[in-house]
Amino acid sequence: MHEDVKKVLITKGEIDKMVKNLAATISRDYEGRQLVLIGVMKGCLIFLADLLRNITIPVEFGTITASSYGSGTESSGQIKIINDVDIEIKGKDIIVIEDLVDTGLTLNYLKNFLGLREPKSVKICVAFDKPSRRKNPIDVDYKGMDIPDEFIVGYGLDFNEKYRNLPEICVLKEEIYNGGMA
Ligand code: PRP
């Protein structure tokens, strides 16, 4: 275990099982349709890659980078698009792929933003959900698992851009995120 980690919250085995289940459900639901996954960078990167490799039907993917204004762990309420999707989504069935839904701000914004391009449908898939933190209601169509409101990193999730490479979902030691040592 990494020295900055307090405990492993979700093991690699549990994540693998969760991803396989989601991919199987999506493959079944979208059989015969024009499926496009839109990953929300950067947190989605590992989840998106794992999901894609487990989907068994034809699928395209794109990425979008959104950032909320302000600093720290609290969103300020405004979203900015840093990098837009580079593929046509009009008339296609899209699923927005997120590592984490917290307040729901990002997904609410992106669902409306992408919806303006007239895709045939827009659904949401998230690996991890912190329902206790929700401020903006959002329907999550495909969800891996609910998690408690703890400071988690790994499997694409970061603290100050670090720890994204940890293969498990880990709770960081308090002195790391309070002390600015990372
Ligand atoms: C995280 C996460 C979601 C968003 C969720 O991204 O990946 O995109 O926050 O929060 P919300 O529900 O309160 O909007 P972050 O801004 O940390 O960027 P990252 O994906 O590059 O880690």
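How far does a polar side-chain atom of Glu98 lie from an oxygen atom of the ligand? In this predicted model, the separation is 2.6 Å. The ligand is surrounded by 15 residues, and the structure also holds four aromatic pairs. This briefing treats the ligand shell and then the ring pairs.

**Polar atoms facing the ligand**

- Glu98 places a polar side-chain atom 2.6 Å from a ligand oxygen atom.
- Thr106 likewise has a polar side-chain atom at 2.5 Å from an oxygen atom of the ligand.
- For Arg164, the distance from a polar side-chain atom to an oxygen atom of the ligand is 3.0 Å.
- The ligand taken alone exposes 500 Å², of which the protein buries 79%.

**Composition of the ligand shell**

- Two elements, β5 (93-101) and α3 (105-115), each give two or more residues to the shell around the ligand.
- Strand β5 supplies the largest share of this shell, with four residues.
- The closest of the 15 surrounding residues are Glu98, Asp99, Thr103, Gly104 and Thr106.
- Sorted by class, the shell comprises six charged, five polar and four nonpolar residues.

- A pair of aromatic rings is described by the distance of the centres and the angle of the planes.
- The structure holds four aromatic pairs, and one of them joins Tyr109 to Phe113.
- The rings of Tyr109 and Phe113 are stacked, at 5.9 Å centre to centre and with 20° between the planes.
- Tyr109 and Phe113 are separated by about one helical turn, because they are four residues apart in helix α3.
- Tyr109 has a relative accessible area of 33% and is therefore partly exposed.

**The aromatic pair of Phe151 and Tyr177**

- Phe151 and Tyr177 also form a stacked pair, with 4.4 Å between the ring centres and 15° between the planes.
- Phe151 lies in the loop between β7 (142-146) and β8 (152-153), whereas Tyr177 belongs to helix α4 (residues 174-179), so the pair ties together parts that are 26 residues apart in sequence.
- Phe151 counts as buried because its relative accessibility is 19%, and buried means under 20%.
- Tyr177, at 26% relative accessibility, counts as partly exposed.
- Ring pairs link Phe151 and Tyr177 with Phe159 into a cluster.

Terms used. Residues numbered from 1 in each chain as written. Predicted model: local features only at pLDDT ≥ 70, side-chain atom pairs only at ≥ 80, totals over all residues. Heavy atoms only, no water. Near = heavy atom within 4 Å. Polar contact = N/O pair within 3.5 Å; in protein donor to acceptor, adjacent residues only side chain to side chain. Areas by Shrake-Rupley, 256 points an atom, 1.4 Å probe, with all protein chains shown as cover. Nonpolar A, V, L, I, M, F, W, Y, C, P; charged D, E, K, R; others polar. Phe/Tyr/Trp six-rings, centres within 6.5 Å; stacked < 30°, edge-to-face > 60°. Buried < 20%, exposed > 50% of the residue type's maximum accessible area, 1.4 Å probe, protein only.
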